[in-house]
Structure formats: structure tokens, C-alpha cells
Amino acid sequence: MSASWLFSTPCSKLNHHLRRRNHLLILSPAFLFSGTGKQMVTTSSASSSSNRGAFTTLKERVSFEKEIKKSKFIAIAGHIPDEGSAQSFLSEVRDPRATHNCWAYKVGEQYRTNDDGEPSGTAGKPIHSAIASSGLDRIMVVVIRHFGGIKLGTGGLVRAYGGVAAECLRNAPTCLIKSKVPMGLEVPFELLGVLYHQLQSFQAEDIKQDYDTGKDGVTMVTFKADFDCVQGLEEAIKANCSRDIVFYKR
């Protein structure tokens, strides 16, 4: 692969090449599922920025249980890496013996809610509000209700579902995850040592080389860097290599 091919090829083909070389996980389009098929609200606001940057998520699965007017509410929350994982999470934690298994999740700008037979807007929506208020991303909360014989009314249901979801998330252990940006550049052999030193300094990952560039003494190097280190890494490489180097980043 030559430098002229790299930087003159249409972006779609170039993206395909670097995705293949780096074995990137590309999120599939969001799919819809209904759990029990009752009263699902879906919102899809596509945004590439939702897959970039840093986000805080749950470190482990957590639960919280509370009895409200003889009904038992059990909230179970956990990390989901993408929308496709939400169905698996629901299947694992839902209780088929319960009166309701209501849920909501948030993955970047995408979210889904389900009232599972409760009056519309009284369960899934307050659960999602609790998620949004927590500042966490890529998580799902399922609230299981075992009916105790006393009706709570719409206001009572909103407070119950939203309250147990919020309490479940309040003291849950969290972790910060930084998104990785795939990058690539061509570099002469004699500058590989300098380049690798900078890549290690900025903790770049998944570093690969391809000598089939069509140019003597030149290799293609691809890697992934934390999104907030990209600019600093570019500047450091250019300053230390003393060359006019063109970067590709996705």
C-alpha cells in the first residue's frame, strides 16, 4: 500500500481497510425488542459522537430491593456495551413469576424504555430518568415488581420505579472508559524507534506494521490512542520525527 493510495483513496474504502487491519468492533444498527411485547417506547437519535470520548459506566452488576405498600420492587442494573447486549441482559435478570419486569437502558444517545403492562409512562420513563440523572452511560436497569395487592396510582408508580432505580445506582461502583481512536501513518524505517517511543509514551495500543507500502524503506504503522491524547500524540510525533507526516484517524 503506497502513501498516494492511502491519502487519495475515498474515505469509505480507507475506513474499510483500517477496520479490517485493526479488527475493530463496529456497533451494529440498533435493533428493537419488546421483552414481553407490551408498551415499549423507543428513541433513536443517531450520533457518531456517542461512540467517542470518555464515559462512566457501572463496574459490576448491582441490585436494590424495597417494599412499597406490600409490593416488592427489585432493581437490577448493569453495564451493556451496546444495544444488542440489552436483550441478553433482560433475559438474564427478568423474573417470569413477577407481575411486571419494567426496564430502560441508555447507550450514548440511544435509549429504550418499557412499562411492561404498567400504565404508560409510569415505569420505563422514570427508570430512564434515574439513569440520565446518574450521569452513567451504557447501562440497563430492570425493575421487577411483585404486586402486593395495593394499587399505588400513577404518581405512586412513578415515584416507586424511579426511586428504586435511582437508589440502585446511587452508590454503585463505577469506572471511566476512554474510547480509542484508530490511527495510521507511513514512516521511514530509520524513524521507527522514535515513533515507537512516542507511541509507548502515550500508551497507544494494538500497534501493527505493514511493510507492503510500495515504497522502499517505508512501513505503514497503525495503532489506537485514547481520544483525549490524539492531538498531543500527533504533535509529539511530528516534532520528534522532523518530517511532514500525514495521519489518518477515524
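1. Apart from neighbours within four places in sequence, Ala-160 is in contact with Ile-68, Phe-73 and Leu-152. The residue belongs to helix α5, which spans residues 153–170. Its relative accessibility is 2%, and Ala-160 therefore counts as buried, the cut-off being under 20%. Between Ala-160 and Ile-127 the C-alpha to C-alpha distance is 9.5 Å, although 33 residues separate them in sequence.

2. The coordinates are those of a predicted model, and the remarks in this note should be read accordingly. The protein chain contains seven helices and twelve strands. Of its 250 residues, 46% count as buried. Among contacts in the protein chain with a separation of 6 or more, 74% are between residues 24 or more positions apart.

3. Helix α5 also packs against helix α4 (residues 124–134), with the axes 8 Å apart and at an angle of about 30 degrees. The crossing of these two helices is right-handed. On the α4 side, the contact is made by Pro-126, Ile-127, Ala-130, Ile-131 and Ser-134. From α5 come Val-158, Tyr-161, Gly-162, Ala-165, Ala-166 and Leu-169. By class, nine residues of this contact are nonpolar, two are polar and none is charged.

4. How do α6 and α7 run relative to each other? The axes of helix α6 (residues 192–201) and helix α7 (residues 230–241) cross at roughly 155 degrees and come within 10 Å. Angles over 145 degrees count as roughly antiparallel, and α6 and α7 are therefore roughly antiparallel to each other. The crossing of α6 past α7 is right-handed.

5. The α6–α7 contact involves Val-194, Leu-195, Gln-198 and Leu-199 of α6. Facing them in this contact, α7 supplies Leu-233, Ala-236, Ile-237, Asn-240 and Cys-241. Seven residues of the contact are nonpolar and two are polar, with no charged residue.

6. Which residues of helix α3 (residues 84–93) are buried? They are Ser-85, Ala-86, Phe-89, Leu-90 and Val-93. Viewed down the axis of α3, the buried residues fall within an arc of 140 degrees, so they line one face of the helix. The general rule behind such a pattern is that an α-helix has 3.6 residues a turn, so residues three or four places apart point the same way. The elements covering the buried residues of α3 include strands β4 (71–79), β5 (100–107) and β7 (139–146).

Conventions: Residues are numbered from 1 along each chain as its sequence is written. This is a predicted model: local features need pLDDT of at least 70, side-chain atom pairs count only at pLDDT 80 or more; totals for chains, interfaces and linings use all residues. Side-chain values use heavy atoms; hydrogens and water are left out. Axes are lines fitted to C-alpha atoms, for helices over the stretch in contact, and angles run from 0 to 180 degrees between N-to-C directions. Helices (H or I, at least four residues) and strands (E, at least two) are DSSP runs, numbered from the N terminus. Angles under 35 degrees count as roughly parallel, over 145 as roughly antiparallel, 65 to 115 as roughly perpendicular and the rest as oblique. A crossing is left-handed if the near helix is turned anticlockwise from the far one by less than a right angle, and right-handed if clockwise. Contact means heavy atoms within 4.5 Å. Ala, Val, Leu, Ile, Met, Phe, Trp, Tyr, Cys and Pro count as nonpolar, Asp, Glu, Lys and Arg as charged, and the others, Gly among them, as polar. Buried means under 20% relative accessible area, exposed over 50%, partly exposed in between (1.4 Å probe, protein chains only). The arc is that of the directions from the helix axis to the C-beta atoms.
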